[in-house]
Amino acid sequence: MLDLVEAVAARREASDPDAATVLRGLSAPQKSLPSHLFYDARGSALFEEITRLEEYYPTRVETAILDEAAPQIASRTPQGAVLVEYGSGSSRKTEILLERLPQLAAYAPIDVSRSALEEAKARLARRFPSLRVEPTLGDFAAPLRLPADLAMRPRLGFFPGSTIGNFTTPEARDLLGRMAAGLGAGARLVIGADLLKDPSILIPAYDDAQGVTAAFNLNMLERINREFGADFDRSRFRHEARFNEAEGRVEMHLVSLRAQRVVVLGRMFSFTAGETIHTENSAKYSMRGFHRLAASAGWTPKRTWIDRAGLFSVHELAAEVQDFAADGRVER
Ligand code: SAH
Ligand code: AVI
């Protein structure tokens, strides 16, 4: 019987990259689960709730920056361009750009969350009835695929939310490089990056008083139970947000409240009391640190917008090699 379970697990692992990642992550000395698995329908809804929390400043501040920057971004967007958004979620921030971009041929959101893509498409159809929306359900690291009649159009990339921070530096460099390749030479990318700040602001943003972020983190276990034949008991774990000073990032963990065993895809995993599953990194940048990261992936920073309190940054990058100091402008 166990052989059969093992065989099913092995087949699943071979054909489903998420299954392999989950098993590998839970087998490592520091257990981990990939953060893109937060976003099932419930996770996407909880993330939307997070964006409305007082403590979660990034959405509020980035939205205000985009309100101000949109006319300039629009003025540099060519007629007939395609707006490609990575990790579009609810596409609420996108509306700020769409209002200013009547010249677009299409909007192409990419997301792993089916519910988020469907809800956004329905809402955008009501608000922008003449806008062509071409969603892609899947990993935004995959090669960009657009309908044939859009393939030769100029592209504007949009990657808000500081989702780039959910990747380690080598992963982020690789992802930005893929985006440069997908969008093409001369394309622009408008990208949000959360700024490094005091943990007294960062930690409540990831551990809010109402417990919405805790529910978001713990929901991952329910998804693993449903989709990977696991038997996690979420009441035996608690949410924790930590500031990792050496890495300049907030980390989310799920802390095992006792010694326990959990079965996932037919494999047994043991936890000691206090042992954690690392579920998310959320890197925080300095402006220069972010410019260095972008440049290392083939992007030239053209403009940077930062709010007055210095909480969040939005960057306009160009897929070409130029010297930022000679060409760019920094706006505060
Ligand atoms: N852009 C929105 C949503 C950010 S939440 C905002 O700024 O508020 C991150 C989004 O990225 C979620 O909708 C999630 O489903 C999506 N996502 C995370 N990892 C992804 C991946 N590897 N490929 C595609 N989408 C991903
Ligand atoms: C999507 N991502 C950039 C969010 C963040 O801030 O890292 C996800 C999130 N995790 C906890 N709260 C919000």
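Residues are numbered from 1 along each chain as its sequence is written, and side-chain values use heavy atoms, with hydrogens and water left out. In this predicted model local features need pLDDT of at least 70 and side-chain atom pairs count only at pLDDT 80 or more, whereas totals for chains, interfaces and linings use all residues.

Strands are DSSP runs of E with at least two residues, and helices are runs of H or I with at least four, both numbered from the N terminus; two strands pair if DSSP finds at least two bridges between them. An open sheet of four strands has the order β1-β11-β8-β7, and its pairing is mixed. At its edges stand β1 (31-32) and β7 (237-244), each with a single partner strand, so one side of each is left without a neighbour in the sheet. Strand β8 (residues 249-256) runs antiparallel to β11 and is joined to it by seven bridges, with Asn281 in β11 as the bridge partner of Glu251.

Strand β5 is joined by four bridges to β2 (residues 82-86), in parallel, and by four bridges to β6 (residues 188-194), also in parallel. Gly157 of β5 is the bridge partner of Val84, and the bridge partner of Gly157 in β6 is Leu189. Five of the five residues of β5 are buried (under 20% relative accessible area, with exposed over 50% and partly exposed in between, for a 1.4 Å probe and protein chains only), so the strand is largely enclosed by the rest of the structure. Arg155, Gly157 and Phe159 point one way from β5, while Leu156 and Phe158 point the other way.

A search of the whole structure finds 15 aromatic pairs, where rings of Phe, Tyr and Trp (its six-membered ring) pair if their centres lie within 6.5 Å, planes under 30 degrees apart being stacked, over 60 edge-to-face and the rest tilted. Phe140 and Phe167 form a tilted pair, at 6.0 Å centre to centre and 55° between the planes; this pair links distant parts of the chain, 27 residues apart. Phe140 counts as buried at 14% relative accessibility, whereas Phe167 is partly exposed at 24%. One aromatic cluster is formed by Phe38, Tyr39, Phe47, Tyr56, Tyr206 and Phe216.

The lining of the second largest pocket comprises six nonpolar, seven polar and five charged residues, where Ala, Val, Leu, Ile, Met, Phe, Trp, Tyr, Cys and Pro count as nonpolar, Asp, Glu, Lys and Arg as charged, and the others, Gly among them, as polar.

Methods:
Chains are lettered from A and ligands numbered from 1 in the order in which they are written.
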